[in-house]
Amino acid sequence: MTLADVSAPQKKVRVLPADLVNKIAAGEVIERPASVVKELVENALDAGATRIEITAGAGGRTIRVADNGIGMAPDDLERAFLNHATSKLLDEADLFALRTLGFRGEALASIAAISRLTAISRTAQASVGTRLEFPDSSSVPPLKSDVGAAVGTSIAVDELFFNTPARLKFLKRPQTELAHLEEVVQTLALSRPDVAFTLVINGQSAFSTRGDGQLKAILAALYRLDAKAQDALIFAPPIQEPLGKQSSDAPDAPDVPDTPDTYSLEALLASPAAQSLPGVFRAGKKPWHLFANGRAIRCSVMQRAIESAYQSLIPEGRYPLVALRLTLPPGQIDVNVHPTKKEVRYADPQRVFTVVRHTLRRALEAVAPQMLFALPPRPEGLLALDARQQEARPMPALTVQWPLLPSLSEPVSASHAGAVTHQPSVLSGSALVEEPDQGLAVAGSETFPDWRVIGQLFNTYILLETRQGLMVVDQHIASERALFEMLTLRVQNAEVACQQVLSGVPLPLTPTQIALLTTYQPTLAALGFSYTLDAAAGHLILSAYPSLYPDRQHEPPTQWLMQLLTTLEAQEGQALINLGQDLLIATLACHTAVRAGDALTTPQMAQLVRDWLACQLPWSCPHGRPIAHTIRSDELNRFFDRSSLPVNAFG
Ligand code: ADP
Ligand code: MG
């Protein structure tokens, strides 16, 4: 049997008829009703519309899009429906510097090929509008007539996919298709807060925006956010990332001479203090809305930047609501990667990452103090969860010696900066000798402008009176946060503060542990650990450890090291050195912090609170657990049926 025998019978090569070409092209651009809406609305936006009305029914097979854009002159209207007809692209240079959403010139021709379509358009110059009605077959020219119309364009699509049975068969249930369609309109509305959108589905208003530029209002409508939830959204005003940095690996795209090389980013993001508010934080799908030059995009670079900005602020698996609008020179972004134009490529992805991370982090840090003193109440469910997480170890009442911390609120002391401070101490027994000379006594009273220590509850919570009410602070988590930031600062400033071990006892280790301690030696040294490893004997001798809380007797520093090893072992295989550092700091902070069960004196509580409030990001522990909860005075008043309070400590 020869090859020729099994191959299909030979047919003549022929050029495909135009209507078949259009149907094939339509398959790429128009997947489902939502794609039609996306293309028509993008055209309206490109035409400068400020008001766009979308109507859909019949499971998305009937669609109307009307806009008040510049409209089309009669012959332009006809040409717009030809293959690859576009007014947006003149030459190849334009392709690398797109300022419009469309550029392929395929959409109108494609949609007309697979539906019964009527278009009406009028420019400001024309006294009447033009109506173009497409017959069933593309071999017959469209019917053209004059019609009374407002300036702008409206396109009516009926019986979508009537002549492409395969597509029709793959349509999902009407509600599903309409839901997709609604999502497309919502995303487009978010991409242009300055344009008023109206969406009517099956004769009922589904969604509308005012077009007043308020991104927050659109998000609020979309996620049904109440006033409290809206307050928890931080607005990061556009920052202009300065000129200068020219990317070395920019593709040889033509330059855009009149565009300054600036990136600007505007963001709306959920405050970590509002983790318990439904709508603002979600599990599951990431509520992230990303736009570049007004175009909704999928972007792993921005996603990584968001994750990095929120790192250590919220627990894993909870996603903050975030909307990002990046504006950058059109030559720096390539949107021409994917037919539906969602994936993008950047000339300088690192710069995009930095701009996004920097803007978000700055916004998060800026709101830290205000947010803290306006913490929203948390629902019961979370409290229960918290109680389970709380370490339930029996704890002897312990009085932690002064000072709790080398104060965070003070500048780095001269004796620390850049140098290794050795403070002799003895590890054996329970006697850790430490001079309390760095202690910064809280002078006189424990009242500060915003808060006053009332006392301690269950040896676990510090109670504060604040202007807002009664603030309950988890002493362990607050202390952990303060230590985390202090250690991070130390590592960043290459400032090692450690205490020497005079006569270290050999600590037996497995070969894996020895390998890990070798790999992470630089990171651990930056934290203040010095040790000598004896691989042959399989042990380690500790010679110095970080000076944190003096006289912590829960665990000897060799135990801290073992905890770090456990963390590293659990992490092995996926740990980047950088990630490792944060993780090590978080672990060390957790194991050296004041614990639940430690009895504290009032000055110690005041110092702890002060150290904690000096943190850049005081809402949550490095693992993302919340630190403080306020029972507001108005809640108390309501409970006790009291209309107001007498003048208190804060007037
Ligand atoms: P593209 O948007 O890629 O250029 P389309 O097939 O979507 O291709 O549209 C073809 C052309 O028709 C556009 O370039 C534009 O000039 C014109 N056009 C389409 N829709 C509108 C509209 N709503 N208002 C004004 N002009 C439009
Ligand atoms: Mg288009």
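In which handedness of crossing does α8 pass α9? The crossing is left-handed, meaning that the near helix is turned anticlockwise from the far one by less than a right angle. This is a predicted model, in which local features need pLDDT of at least 70, side-chain atom pairs count only at pLDDT 80 or more, and totals for chains, interfaces and linings use all residues. Residues are numbered from 1 along each chain as its sequence is written, chains are lettered from A and ligands numbered from 1 in the order in which they are written, and side-chain values use heavy atoms, with hydrogens and water left out.

**Around ligand 1**

- The shell holds 19 residues (a heavy atom within 4 Å), and Asn-43, Thr-86, Ser-87, Lys-88 and Gly-105 come nearest.
- For polar contacts (N or O pairs within 3.5 Å), the side chain of Asn-43 has an N or O atom 2.8 Å from a ligand oxygen.
- Asp-67 places a side-chain N or O atom 2.9 Å from a nitrogen atom of ligand 1, while a backbone N or O atom of Ala-107 lies 3.2 Å from a ligand oxygen.
- Taken alone, ligand 1 exposes 530 Å² (Shrake-Rupley, 1.4 Å probe), and the protein buries 92% of that.

**The helix pair**

- Helices here are DSSP runs (H or I, at least four residues); α8 covers residues 174–191 and α9 residues 215–223.
- They pack at about 160° with axes 9 Å apart, so α8 and α9 are roughly antiparallel (over 145 degrees).

Technical notes. Polar contact = N/O pair within 3.5 Å; in protein donor to acceptor, adjacent residues only side chain to side chain. Axes fitted to C-alpha atoms, helices over the stretch in contact; angles between N-to-C directions. Helix = DSSP H or I, 4+ residues; strand = E, 2+ residues; numbered from the N terminus. Parallel < 35°, antiparallel > 145°, perpendicular 65-115°, else oblique.
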